[in-house]
Amino acid sequence: MQAEADTTSVPGRWEYPPALLDTTMDQLRTLLAVREAGSALGAARMLGRGQSSVQKQLDTMNRTYGELCGEPLVRKRGRGESVLFTATGAALVEVARGTLDGWAEGAERCRRRFGDRLAVGSTRYTLGFLLNAVERVTDAFRSGGVRLTVAHVRTAELLGRLDSHDLDLVCGSTLTTGPGDERLARYEVLEWRRSGLALVTNLSERRLPGPTVAVSELPGLPLAVSSDGLIAGFLRGWFGGRHREELRIAADIDTLPYGLELLTSRVLSGCLLVTQGIGEALAEGWLPEENLQPAPEGAPRPPAGGGLRTLELVDDVSSGLAVLSGAFVRAGERTALPSGHPLNLLWDGLRREHARHQGA
């Protein structure tokens with residue numbers, strides 16, 4: 001005797017209000033746009049649509065959720081004023097954002113499993129390493145129809161681009177507190193190097209003899225520093241949350257080339273903290289001159305090599321902080337994919353490129 005399928009539904013499992021089921025993702029997007037822009041007109045401009053279309057969707061959601069929740073999502077105010085979101089409206093905006101982000105993330109995961117596209121990123125100073133690895137897999141990607149996109153990533157946003165699922169793999173450097181760093185447990189890391197910082201300066205040897213300088217001496221030196229990123233993380237670890245009050249900050253900078261230009265032009269007499277790898281490259285005579293602006297006509301030319309010295313920075317405060325340079329992917333993602341997936345092919349290319357550098 002053949003058993004019949006049990007068609008008894010779980011009570012309440014499929015029972016949703018019809019009005020709720022009529023809500024579309026486009027309506028949710030419109031709600032988010034109105035929240036951000038403050039009005040139907042502003043949302044229409046943001047979305048590239050007519051104001052009447054946006055207003056119609058907003059009115060529909062107002063009626064729907066006014067009946068479901070007991071109050072509308074938004075209330076109109078005076079002419080030219082932003083709409084007023086009710087407590088219900090503000091709460092459902094967050095639900096809408098989570099719904100859209102969740103679906104987008106799920107679709108992106110499915111796309112990655114299919115393996116026809118791969119999005120990777122690198123910092124300025126790890127791009128060459130990444131491109132060498134890409135050369136190793138170019139033929140396989142071409143034959144498989146894989147579309148590869150490469151993005152420039154700042155060190156400060158390196159791991160955030162993975163967390164947001166914006167990129168599949170990143171190459172660069174991040175701050176680590178040591179082997180037990182829980183923050184890095186979310187990632188699989190192909191470690192290239194673990195090192196400290198160096199100090200680049202245009203101060204005379206009489207002012208700052210070298211060849212080493214201790215971390216505890218930094219408060220007495222004029223520094224060019226950034227407000228975020230890897231170097232700022234070191235300073236917070238060494239001197240606490242009030243490190244900017246503890247240090248002599250002679251210049252605020254956003255990028256390394258800008259800081260180097262300040263020093264080589266002698267606009268600033270002081271010091272710049274850099275990773276040990278960049279410090280070594282500068283000491284060997286390499287300078288990213290393509291990122292520096294030429295001196296104005298008639299201005300004195302800086303000496304060869306920019307007149308900069310690189311000093312070893314000795315961590316005498318026992319912080320355990322280090323620069324971890326390498327390639328990063330989200331933990332568990334690679335192992336869930338077949339060996340022939342583009343992410344695994346590129347990871348293997350990076351591994352072989354690293355082995356080549358170690359051998360050299």
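**View 1. Two aromatic pairs in a predicted model.** Rings of Phe, Tyr and Trp count as a pair if their centres lie within 6.5 Å. This structure is a predicted model, and it holds two aromatic pairs. One of them joins Phe-129 and Trp-192. Their ring centres are 4.0 Å apart. Phe-129 belongs to helix α6, and Trp-192 belongs to strand β6. The two residues are 63 apart in the chain, so this pair links distant parts of it.

**View 2. The five-stranded sheet.** Follow the strands across this open sheet: β4, β3, β5, β13, β6. Their pairing is mixed. Which strands stand at the edges? They are β4 (147–152) and β6 (187–195). Each has a single partner strand, so one of its sides has no neighbour in the sheet. From one strand to the next, the twist averages 30°.

**View 3. Strands β5 and β13 side by side.** Here β5 covers residues 169–176 and β13 covers residues 322–330. In which sense do they pair? The pairing is antiparallel and runs over seven bridges. Pick out Thr-176: its bridge partner in β13 is Ala-322.

**View 4. Helix α6 on the five-stranded sheet.** Helix α6 spans residues 127–144 and packs on the sheet. It touches β3 (117–122), β4, β5 and β6. The direction of helix α6 makes about 165° with that of β3.

**View 5. The six-stranded sheet.** This sheet is open too, with the order β8-β12-β7-β11-β9-β10. Again the pairing is mixed. Strands β8 (212–214) and β10 (248–252) stand at the edges. Each pairs with a single strand, so one side of each lacks a neighbour in the sheet. On average, neighbouring strands are turned by 40° against each other, direction ignored.

View 6. Strand β9 (residues 222–225) pairs with strand β11 (residues 271–275) in the parallel sense. How many bridges join them? There are two. Leu-223 has Cys-271 as its bridge partner in β11. Helix α11, residues 276–283, packs on the sheet. It touches β7 (197–201), β11 and β12 (309–314). The helix direction makes about 115° with that of β11.

**View 7. The largest pocket.** Rolling a probe the size of a water molecule over the atoms shows where empty space is left. The largest pocket has a volume of about 1,200 Å³. Its lining counts 43 residues. Which of them lie nearest the centre? They are Tyr-125, Thr-155, Leu-256, Thr-275 and Ile-278. Sorted by class, the lining has 19 nonpolar, 17 polar and seven charged residues.

**View 8. Two backbone details in loops.** Most residues other than glycine have a negative phi, and most peptide bonds are trans. The peptide bond from Gly-210 to Pro-211 is cis, with omega near 5°. Pro-211 sits in the loop between β7 and β8. His-165 is not a glycine, yet its phi is positive, about 60°. Look for His-165 in the loop between α7 (158–163) and β5.

Notes. Residues numbered from 1 in each chain as written. Predicted model: local features only at pLDDT ≥ 70, side-chain atom pairs only at ≥ 80, totals over all residues. Heavy atoms only, no water. Pairing = 2+ DSSP bridges. Helix = DSSP H or I, 4+ residues; strand = E, 2+ residues; numbered from the N terminus. Axes fitted to C-alpha atoms, helices over the stretch in contact; angles between N-to-C directions. Contact = heavy atoms within 4.5 Å. 1 Å grid on protein atoms, 1.4 Å probe; cavity = no way out; pocket = protein on both sides within 12 Å on 5 of 7 lines; lining within 4 Å. Points joined across faces, edges and corners; volume = space filled by probe spheres on them. Nonpolar A, V, L, I, M, F, W, Y, C, P; charged D, E, K, R; others polar. Phe/Tyr/Trp six-rings, centres within 6.5 Å; stacked < 30°, edge-to-face > 60°.
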